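Subject: Structure handover

Hi,

Here is the structure for you to look over.

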Amino acid sequence: MRFCSKLTAQIIFFLLFSQTAGGQIRYSIPEEMKKGSVIGNVGLDLGIDTQRLRSGLARIVTGENIQYTELKTDKGILVVNQRIDREQLCGDLTPCSFSFDLILDNPMELHHVTVEVLDVNDHSPSFHQHDMKLTIGESATPGARFLLPAANDPDVGVNGLQDYSLSPNENFLLKIHSNSDGKKYAEMVLEKQLDREQYPSLSLKLIAVDGGTPQKSGTVNIDIAVLDVNDNAPVFNQSVYKSAVMENSPKGTYITTVNATDADSGSNGMIYYSISKMQGSINNIFEINKTTGVIFLSGEIDYEKTRKYEFRIEATDQGALTDSSKVIVEVTDVNDNAPVINVMSFTSPVSEDSPPGTTIGMINVKDVDSGDNGRVMCRTEENTPFKIKSNLKNYYSLVTDSLLDRERVLEFNITVVAMDAGMPPLSTKRTFNLKISDVNDNAPVFPRNVYNAFITENNSPGVSVLTVKALDPDENQNARVSYILEGDDIGGAPLSGFVSVNPESGVVHAVRSFDYEQIKQLNFFVKAQDGGSPPLSSNVTVKILIQDQNDNPPQVLYPVQTGGSVVAEMVPRSADVGYLVTKVVAVDVDSGQNAWLSYKLQKSTDRALFEVGLQNGEIRTIRQVTDKDAVKQRLTVIVEDNGQPSRSATVIVNVAVADSFPEVLSEFTDFTHDKEYNDNLTFYLVLALAVVSFLFITCLVMIISVKIYRWRQSRIMLHSSLPVIPYYPPRYSDTLGTGTLPHVYNYEVCRTTDSRKSDCKFGTVGSQNVLIMDPSSTGTMQRIQTEKSILDEPDSPLEVSRKVFVVIHLG
């Protein structure tokens, strides 16, 4: 057992010859500064360069839960870490400051830094209540005093509460007083006696202002009800009552007794005591007996939070006349707080080759009590090769006292005891587990020399490809393996844009989606590096093979599909079987079976005339071309690859069966309208269906109506005595040779877009030609011959001219 207080000579020795340096600096900053605001250049002010700050692992140590500052070791500057509220930090205390220590290692340095927080005017004076109601008798004599609400302004100095003012009136004056702590409060003094018959009530405003720039204020409304009769106010026998109470006293503890007298008699002389309601939360801590004036404790008090309480007591008689007195309660400290051990730094594990005197930790011991109750001594328990060194007040270093041997002892449990000098003394223990580490003498080893992996193209980014794993026989940090990606650029792009490796698990991920058509294989290295100092490492080769996927449809190179014009292949009418019309040429950028193409004839004007080679895409005739074959032939060829699922492309081949170019030109001018025809076909079919349905319903209604009409006529005729004579129109029984047009003649009608070039010819009686014309084409004509029966007797030319039939094909 070794107590620090008994090592005075050793402490002086270490202070003189240890490597610990110390200094103090002080800064002043306003409160409410933004996070990141610069407080000062610590490195420049202490004469420490940034390299020393980094090598010494400079850090800020505070004994509080909140760290208001942050050290930027790269620049040596001290910046605000979070918003600093002076009122929250210090309350009414001035000046307001907080302190911390700047610690450096190897060699150890400790510098004390104090930051003073300056007040800014960020609070307005405020009252505990917005309205105050007073009842004052009209017999109140001039000079009577009335305590007014006290305003609270958390700011201090010139920014705090400075003055009170009362709205102008004829009856009252305002007097301002100050407490011993400098806080001001106001009393309203009656200057002119009240006349209830003239003014039964008064409304005043009490305004509290501070001295900030700009000035801020708070207001409370004072409503006064005037009573008559009572003309004597209570008077306290003391202006100030003082008392003391120990912290942590139980509720109900006696504080003091106040006393006031009233010269009135009877009910007007009865006095009631109360704690002023203008004191905030003081009613939660103290209570007063309203008839005896005994003040006792009703809440909890803590010396470390509040050391003194000041509040005012009011004595009120039946006529609402009052007097006030001040009560001051001092709080006495007791040893109710044990020392608190804060760990500033602790290094574990420690290498077994560490020399004696190596610092493994630094602690800060504080006791918030005062006097002997807050004086702390520190020591270590048990027989361990460690000891405590005292550097500065409340700071201790835990250092090695002898050589360490990991083979003999693998780890230590070091117990530090901090004890205060109170009566009875309070103590705190803190146990540190220190592990002894080995030196780093083994590099990570991969179980294989090369890792091979396969991945299909069009993969999802972030997918796991493979896992590399290396083993290190060392322990702890020396065996902690990290994986690092190494390799050359791929196609001018960094390797990290293709793959990544998890530094902890060694899982290799694909960063992007691969395209087999662009890259087929990735070769790179993965380095496994342990956490020793210096670190040891080894490399392994990783090969990722990209597998093709059927993600590209075939592309038709010939024939070229144009949007505005029609391209046709000519086939002479004399072509034999197997005549090569053309060849569909297509490619697929995929590989393997995904690029094997096959050609099929999907649609054709005449399927018995052409065929397509399954493998080569050649379009040939499969029979002899005849004169009956249509000039315009349209073939749709589909090209499919052999992937799973397969992809395809479609090409339209226009073939002209003709021996001369003019014939082709005249017949193929309407090819450009095929697309429009196909687009409008569905619309016309739906329209036709609607018209037919409408006509059917109309006919059905008409038939039913006729049936009903005839039935009614038959009923009328049945009851009538008139004879019924049937009537037949002339030639009613004729079906062809009789009627309004007994003969059918043939005509040839030629129409173009230019009406001046239209023509009409009479044909022979032996055959009848009906022309079907497409109005959407430009001058294109199609002639369809229909054979019908012909009557023997022709009509006159005038009759024939009135009976011409022209059928127009609307597509």
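Cys-699 is partly exposed, because its relative accessibility is 41% (partly exposed lies between buried, under 20% relative accessible area, and exposed, over 50%, with a 1.4 Å probe and protein chains only). Cys-378 is buried, at 0% relative accessibility.

This is a predicted model: local features need pLDDT of at least 70, side-chain atom pairs count only at pLDDT 80 or more, and totals for chains, interfaces and linings use all residues. Residues are numbered from 1 along each chain as its sequence is written, and side-chain values use heavy atoms, with hydrogens and water left out.

Now the disulfide count. The rule is a pair of cysteine sulfur atoms within 2.5 Å. It gives 1 disulfide. Cys-90 and Cys-96 form the link, with an S to S distance of 1.9 Å. Their link is right-handed, with 70 degrees about the S-S bond. Cys-90 counts as buried because its relative accessibility is 17%. Cys-96 is buried too, with a relative accessible area of 2%.

On confidence: pLDDT is the predictor's confidence in each residue, from 0 to 100. The protein averages 79. A score of at least 70 is reached by 81% of the residues. Two stretches to treat separately:

- Residues 1–21 stay under 50 in pLDDT. The model has 31 contacts for them beyond four places in sequence (contact means heavy atoms within 4.5 Å).
- Residues 720–811 have pLDDT below 50. Beyond near neighbours in sequence, this stretch has 104 contacts in the model.

Best regards
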